[in-house]
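Student: I have a structure to go through with you, and I would like to know what stands behind each term. Shall we take it step by step?

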Amino acid sequence: MSRQVFAYILHKEGTPDDTALELITAAKKIDPDASVIAVVTGSGDNLNTVCNEMTASYSEVWKVDHADLAYPNAELVRKALVGILPKDAVVLVPHEHFGLDLSPGLSVKLDAPYLPDVVDFEGVEGDTLKVIRQEFSGMVSTHVQADISGGVVITPRPGSFQPDESKSAGGQATDKSGEIGDLASTRRYLEIVEAEVGEVDITKSDVLVSVGRGIEDQDNLEIIEELAEAMGADISCSRPIVDAKWLEKSRQVGTSGQTVKPKVYMALGISGSFQHMGGIKGSPFIVAVNKNPKAPIFQVADVGVVADILEFVPELTEGIAEEK
Amino acid sequence: MEILVCVKRVPDTSENEIEVNSKGTDIDRDDLVYSVNEWDNYAVEEAIQIRDKVGGTVTVITVGDEEAEEVLRREMAMGADKGILLSDEAFEGTDGRGIAAILKAEIEKGNYDLILTGAQADDGAGQVGGMLAAMLDVPYASLVNYLEVIDDKKIKAGREIAGGNQEMNEIELPCVLSIQTGINEPRYVGIRGIRKVASLDIPVRTAGDLGLDASAVAPKVNRVDYFVPEPGEGAEMLEGSTEEIIEKLVEILKAKGGIK
Ligand SMILES: Cc1cc2nc3c(=O)[nH]c(=O)nc-3n(C[C@H](O)[C@H](O)[C@H](O)COP(=O)(O)OP(=O)(O)OC[C@H]3O[C@@H](n4cnc5c(N)ncnc54)[C@H](O)[C@@H]3O)c2cc1C
């Protein structure tokens, strides 16, 4: 029998997440002959809608319907998955806030190795799977391997695998709701508290001057404000600037902040972590200024300058002013 | 409340250029500046604030070599009451699951209500907290950026999810939480603070003390090598004098609609 790879489908209000189709590509990279099964948990109409949509892309869809799973509480989802998955399952869950909540514990309960935040696969030899990960904020990569004969839990990095858009699976949904067993947990989901709306809506900005930890000090933000003003741009930032409370949360770009779609994005003193870049959509023209020539941001930027932003930014502001 | 915070000593990425050593077996660790994993400081700060409000003790713990003691001392200077170092040659080269197993062995000797870790450390895995909770059979919540003690049996924890939204949960104690940056503002620790705790005793526990044999910490996941991927095309790097660079950049920005 061919290897079974299970892809956990994230979805919200009846719409599958972008990662739903990325996991097909990831699964095929592990083993081109694998049979890839979508696992969708949830409840009611939204769940059915997602399952139907997934049958276009997955030849097999496992549906788990339970009122308590209407919101994906990772503790409950874990119990459900342990109930239905075979012992040697290869399980894929996207490496984002839910995957981080579910997967480490799932690997323990399945007694399987855990391969977190995988950016690429080298394939399987015998029972050994070799993958590529990154460490130290993407500054170096590693090959990591594990014996997957007893299964494995893997969290592929969102955006690292092309979505499989072929939609030619013509698959079928199987209802697995009867097999999940008891879902009781002492962690209860209460509610979602929506993010506060800020003074500027950076998701609508055409030009963003974005500042990162390289700015070093709150007082230095002045040079960023002056540049933004000269360019007619809005100011956004990376997470450490918000953590330090130097700018409001609504200006944070990234997976746990805003998703922006500007025409031009200036990344100043930003290293280019995947959580930050994950918030930049629509292929803007990216200019990066960073004092470290090896900063990962230069791999994804269109134009780069190796410079100290504290010196370079005021000169750039002046240069723009002179042009006007 | 008895609170345990798991911390890690890591190379400081803002102070160092991380490079692969000549054999590709590790990063080049000569002359690296080490510090406490960024996320762990937030976890320790949160623990201290809870203790100051409801009473109890904060213990910081790490698995590492003797040099890892310095991060325990730093966190004690922040205000943690006790430190425990879990150290043994047998622990070297273990994986996340092994670290969780080592921590579990020590935790079972104590009586902790709340166990905190950082959301992730230098390897970006974010795995030890979740594994530990599953091994202890207690609830887990990751990426916690809001924490409120309801009573001595329950907490309310906000998890950071997409778009800056927050997922609120009520969780019974004991539990394990991984703490996300931004939950608080970790206090500053000066040289004087470190000196004050310099003479405090930090017990060291070995594999034998914890009743762990080699198989308990044998890695299931093995790092084969470190490498730097072939750089892609990457950015067009502007070079020359600052004046020339700025002239070019202004021209490019104008062409791309970056200057209004
Ligand atoms: C679950 C999760 C969610 C996350 N969500 C987000 C998110 O939504 N958004 C986000 O941004 N991050 C997010 N992060 C954090 C992310 O992993 C990085 O830690 C963060 O993006 C780093 O921000 P940075 O690039 O500003 O800082 P660093 O990575 O510290 O980079 C600073 C850069 O500035 C350069 N520099 C320093 N001084 C100067 C100078 N004087 N001149 C020029 N360059 C200089 C350095 O070379 C370095 O490249 C998340 C993390 C987790 C775990």
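Tutor: In strand 12 of chain B, B:D225 is the bridge partner of A:H143. Please keep in mind that this is a predicted model, where local features need pLDDT of at least 70, side-chain atom pairs count only at pLDDT 80 or more, and totals for chains, interfaces and linings use all residues. Residues are numbered from 1 along each chain as its sequence is written, chains are lettered from A and ligands numbered from 1 in the order in which they are written, and side-chain values use heavy atoms, with hydrogens and water left out.

Student: How do you know that strand 10 of chain A and strand 12 of chain B pair?

Tutor: Two strands pair if DSSP finds at least two bridges between them. Strand 10 (residues 140-147) of chain A and strand 12 of chain B have six bridges, in the antiparallel sense, so they meet the definition. Strands themselves are DSSP runs of E with at least two residues, helices are runs of H or I with at least four, and both are numbered from the N terminus.

Student: What makes strand 8 of chain A and strand 12 of chain B edge strands?

Tutor: The open sheet has four strands in the order 8(A)-9(A)-10(A)-12(B), paired antiparallel. Strand 8 (120-125) of chain A and strand 12 (221-227) of chain B each have a single partner strand, so one side of each has no neighbour in the sheet.

Student: Which residue has a positive phi in the hairpin of strand 8 and strand 9 of chain A?

Tutor: A:G126, in the turn, with a phi of about 60°; two residues lie between the strands. Strand 8 and strand 9 of chain A pair over five bridges, and A:F121 stands opposite A:V131. The hairpin of strand 9 and strand 10 of chain A has four residues between the strands, and there A:F136 takes a positive phi near 50°.

Student: What is the pairing in the open sheet of seven strands?

Tutor: Parallel, with the order 7-11-6-1-4-5-12 in chain A. Six bridges join strand 4 (residues 35-42) to strand 5 (residues 60-65) of chain A, and A:A38 has A:V61 as its bridge partner.

Student: How do you know that helix 2 of chain A packs on this sheet?

Tutor: Contact means heavy atoms within 4.5 Å, and helix 2 (residues 44-55) touches strand 4, strand 5 and strand 12 of chain A. The direction of helix 2 makes about 175° with that of strand 5 of chain A. Such angles run from 0 to 180 degrees between N-to-C directions, with axes fitted to C-alpha atoms, for helices over the stretch in contact.

Student: Why is the ligand site called shared?

Tutor: Residues from chains A and B surround the ligand, so the site is shared between chains. The shell holds 29 residues, and A:S238, A:Q252, A:S256, A:S271 and A:N290 come nearest; a residue is near if one of its heavy atoms lies within 4 Å of the molecule.
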